[in-house]
There are 2 protein chains.
Amino acid sequence: MLVVVTERRTRHRGERASEAETIHRDRIEPARASILDSGDADQLARRFKVLSDAGRLRIIYALLEVGEMRVGDIAAAVGSSESATSHQLRQLRDGGLVRSRKVGRSVNYRVADTHVRLLLDVAIEHYLHDHGTAP
Amino acid sequence: MLVVVTERRTRHRGERASEAETIHRDRIEPARASILDSGDADQLARRFKVLSDAGRLRIIYALLEVGEMRVGDIAAAVGSSESATSHQLRQLRDGGLVRSRKVGRSVNYRVADTHVRLLLDVAIEHYLHDHGTAP
DNA sequence: TGAATATATGAACATATGTTCATGTATTAC
DNA sequence: GTAATACATGAACATATGTTCATATATTCA
């Protein structure tokens, strides 16, 4: 759900008490409207948050390469403990980035869909673009 | 710089001391190679981390709509303090997502390039795809 | 059945993160 | 010049996050 901002202007503590406060309502309004239109920023942020850990990214790349792996093999591949890896996998799963299926007494994980790779590719491309490194 | 993992298998504390440890080296190696090829996971994670905060996303969307805004107007648009907004803008700037230029005694910020919007669009598309909501 | 294996999970702990508050630095206005 | 404005910045603080460790839950094997 979106939280609609209705106040005219929130005075925050620590700001010097002045009456000048040049409010450019004409500049602010379209921006505010865009925020509402853009969908819930919190949900989008949550999505990026899952990708904002190097360990989780390593897991995703490992899975993208191999296709499907058990938790233990993933842990070995990324050089982390099985417990930490399990915790990370849960976040990836909750975020809809990977899926799992039980095989015997182990659990195999795989990347959920092609959008994940696309998102990573765009992010890397952006980085390369910024730093002038050859793609 | 990439840190190449060379150990055979790191035993982590808390794991039951067993000698079974079925190591599927053939499955792990290609994954590890992929991680190395994919570039530094830490740097990519840092990039996503900048986008993993709702406040920063709101700032970006505000700037995408208006084009260029002063710090004070951005703060008003997203409903945050000027100090907090300034801190956020610094991260966005360090991450190469926005750029600034001084105008009089204020500072105008704008989104750095078109890759930013693309990245956001792909992320949103992915989310919609996952949740079956109509795009 | 009981032991071993594979993974999941929760509490504790250390570290990271974002906001606030106070202050610093430019720049404009008077 | 001094005052006011606009933004930046650093320390302090509360909260979030990721790892470890100890268990819990399946599942296979003997």
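# Reading helices and strands in a two-chain model

Author: Let's start in chain B, where helix α3 (residues 54-66) lies across β1, β2 and β3, running at about 90° to β3(B). Contact here means heavy atoms within 4.5 Å, and axes are lines fitted to C-alpha atoms, for helices over the stretch in contact, with angles from 0 to 180 degrees between N-to-C directions. Helices (H or I, at least four residues) and strands (E, at least two) are DSSP runs, numbered from the N terminus. This is a predicted model, where local features need pLDDT of at least 70 and side-chain atom pairs count only at pLDDT 80 or more, while totals for chains, interfaces and linings use all residues. Residues are numbered from 1 along each chain as its sequence is written, chains are lettered from A and ligands numbered from 1 in the order in which they are written, and side-chain values use heavy atoms, leaving out hydrogens and water.

Reader: In what order do the three strands of the chain B sheet come?

Author: Strands of a sheet pair through backbone hydrogen bonds, either parallel or antiparallel. In chain B the sheet is open, with the order β1-β3-β2 and antiparallel pairing; two strands pair if DSSP finds at least two bridges between them. β1 (69-70) and β2 (98-103) of chain B each have a single partner strand, so one side of each has no neighbour in the sheet. Two bridges link β1(B) to β3(B) (residues 106-111), and Arg70(B) has Asn108(B) as its bridge partner.

Reader: Is Asn108(B) buried or exposed?

Author: Asn108(B) is buried, at a relative accessible area of 11% (buried is under 20%, exposed over 50%, partly exposed in between, with a 1.4 Å probe and protein chains only). Its side chain makes a polar contact with that of Glu68(B) at 3.0 Å; such a contact is a pair of N or O atoms within 3.5 Å, and within protein one must be able to donate a hydrogen and the other to accept it, with residues adjacent in sequence counting only if both atoms are side-chain atoms.

Reader: What joins β2 and β3 in chain A?

Author: Six bridges, with the strands antiparallel. They form a hairpin with two residues between them, and Gly104(A) in the turn has a positive phi of about 60°.

Reader: At what angle do α3(A) and α2(B) cross?

Author: Two packed helices are described by the angle and the distance between their axes. The axes of α3(A) and α2(B) come within 8 Å and cross at roughly 115°. Residues that meet there include Tyr61(A) from α3(A) and Phe48(B) from α2(B).
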